[in-house]
Amino acid sequence: MNLDLSPRDLAFRDEVRAFLSENLSPLLRQAGSLTTSVFTDKEWSIAWQRILHAKGWAAPAWPVEYGGAGWDDMQRYIFSAECARAGAPGLSPMGLKMVGPCIMRYGTPEQKAFFLPRILAGEDYWCQGYSEPGSGSDLASLQMRADSDGDDYVLNGSKIWTTHAHFANRMFCLVRTKFDGKPQQGITFLLLEMDTPGITVAPIITLAGEHEVNQVFFDNVRVPKSGRLGEENQGWTVAKYLLEFERGGSSAPGLKVSLARLRAMAASEAGDDGEPLLRDPHFRARLAAAEIAVEAVEMTEHRVLSALSAGDNPGPASSMLKVQGTETMQSIDELAIDIANHYAAVYQPESRAPGANAEPVGPAHSLVAMPRYLNNRAASIYGGSNQIQRDLMARLVLGL
Ligand SMILES: Cc1cc2nc3c(=O)[nH]c(=O)nc-3n(C[C@H](O)[C@H](O)[C@H](O)COP(=O)(O)OP(=O)(O)OC[C@H]3O[C@@H](n4cnc5c(N)ncnc54)[C@H](O)[C@@H]3O)c2cc1C
């Protein structure tokens with residue numbers, strides 16, 4: 001595997017860098033680098049998406065016929081690495097990376113014509129209604145019911161952990177349309193509007209004090225059958241196709257940015273002996289372990305890229321990347337907490353709002369250490385918990 005960028009890829013990287021330096025305003029960069037949770041807030045991610053859309057770069061992975069950038073896997077990797085390096089706000093994946101590709105694959109011509117341009121332009125903001133109280137890892141056991149009534153389904157039940165449901169105007173959601181037989185065979189995939197009567201969004205405030213996830217209640221909610229994606233009772237096939245997109249990705253570029261930030265923090269903070277922490281042998285050993293782990297994630301991502309460009313499937317490597325990427329991120333967060341020390345405990349959300357002028361208590365770099373640490377605990381749970389990924393690897397790699 002040749003890891004050097006080709007002259008064509010280098011020219012592409014320079015083009016992306018030039019675009020980012022011209023178009024990422026200081027406020028957008030600040031919003032990106034102060035993000036402490038799964039997604040950047042809608043206000044900033046949509047502002048950035050519109051700029052990318054105007055350039056034709058909002059959906060690098062989409063086919064050109066639907067408005068994609070027409071890049072190969074390497075170009076897409078370079079683009080996401082450069083965005084991370086420049087501190088660009090992350091775009092919400094729910095429309096662009098998750099339901100968009102499913103609509104391309106399973107949608108009717110009318111659904112494609114209606115939804116895809118709106119996703120691309122950021123006119124619609126989607127949330128994902130998969131998990132329910134009692135149905136997370138064992139998703140096929142979901143119980144939210146959709147009873148057929150003429151041209152509509154009538155929905156009753158609830159979804160939980162629904163990220164950004166309070167911002168979203170649309171939800172893609174799994175419902176039960178058949179109650180006997182194998183659980184997977186009675187699930188239907190629906191696209192619905194969040195302002196439909198009978199929907200209530202209740203906030204769940206996380207340990208970090210942030211409102212990002214919700215429980216969504218459905219009380220006799222009528223959804224037209226034209227909002228169904230794929231056939232009735234065939235939703236499990238669509239759901240699994242979507243999860244392939246949820247679990248893919250490139251985490252090494254973001255991890256490298258976090259490592260650089262950590263090094264800068266350790267260089268400016270003193271340990272117990274009054275010397276910069278970066279000179280402390282114990283701290284250096286922990287930092288080195290994190291750096292090696294990031295290198296390993298990066299190499300594995302390149303290996304997957306190489307397999308993809310040869311037309312192969314990444315197979316169990318995507319589970320390995322999920323586990324290694326999230327656990328490495330958590331170890332970096334732990335180091336950041338150690339550096340920030342008692343300042344990590346100060347709760348000061350007003351100082352870390354983009355454009356805020358509230359002076360932080362303690363060094364500016366300690367502002368985000370604790371919320372990142374707390375929020376990233378969830379990374380080994382969402383998108384398929386790490387235990388589930390380990391089970392998958394045990395089956396696929398070890399044949400257990
Ligand atoms: C911050 C955050 C955002 C989220 N956003 C969304 C969203 O937008 N939309 C959405 O639909 N869902 C979302 N989720 C839900 C997420 O997908 C679930 O939390 C996840 O699937 C785990 O399900 P659970 O919480 O019900 O835990 P459970 O499935 O009850 O698992 C509990 C524990 O048991 C372990 N476990 C379960 N089964 C097995 C097994 N077979 N073998 C070994 N260990 C097992 C799990 O690993 C976990 O440690 C989000 C979750 C979080 C934390």
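The crossing of helices H2 and H3 is left-handed. This is a predicted model. Helix H2 covers residues 26–33 and helix H3 residues 42–55, and their axes cross at roughly 125 degrees, coming within 10 Å. That angle makes H2 oblique to H3. On the H2 side, Leu27, Leu28 and Ala31 make the contact. H3 answers with Trp44, Ala47, Trp48 and Ile51. The contact residues comprise 7 nonpolar, no polar and no charged.

From H4 come Asp73, Met74 and Tyr77. They meet Glu298, Glu301, His302, Leu305, Leu308 and Ser309 of H9. Here the residues divide into 4 nonpolar, 2 polar and 3 charged.

| Helix pair | Axis angle | Axis distance |
|---|---|---|
| H2 and H3 | roughly 125 degrees | within 10 Å |

Now the nonpolar cores. The largest holds 76 residues. Within this core, Tyr130, Phe172, Phe189 and Leu191 touch the most other members. Helix H10 (residues 317–340) gives the most to this core, with 8 residues.

Tyr130 touches Leu139, Lys159, Phe172, Leu174, Phe189, Ala239, Leu242 and Leu243, leaving aside residues up to four places away in sequence.

A second, separate core has 20 residues, among them Ile46, Ala146, Met171 and Phe218.

Note on methods
Residues are numbered from 1 along each chain as its sequence is written. This is a predicted model: local features need pLDDT of at least 70, side-chain atom pairs count only at pLDDT 80 or more; totals for chains, interfaces and linings use all residues. Side-chain values use heavy atoms; hydrogens and water are left out. A nonpolar core is a set of buried Ala, Val, Leu, Ile, Met, Phe, Trp, Tyr and Cys residues joined through side-chain atoms within 4.5 Å. Buried means under 20% relative accessible area, exposed over 50%, partly exposed in between (1.4 Å probe, protein chains only). Helices (H or I, at least four residues) and strands (E, at least two) are DSSP runs, numbered from the N terminus. Contact means heavy atoms within 4.5 Å. Axes are lines fitted to C-alpha atoms, for helices over the stretch in contact, and angles run from 0 to 180 degrees between N-to-C directions. Angles under 35 degrees count as roughly parallel, over 145 as roughly antiparallel, 65 to 115 as roughly perpendicular and the rest as oblique. A crossing is left-handed if the near helix is turned anticlockwise from the far one by less than a right angle, and right-handed if clockwise. Ala, Val, Leu, Ile, Met, Phe, Trp, Tyr, Cys and Pro count as nonpolar, Asp, Glu, Lys and Arg as charged, and the others, Gly among them, as polar.
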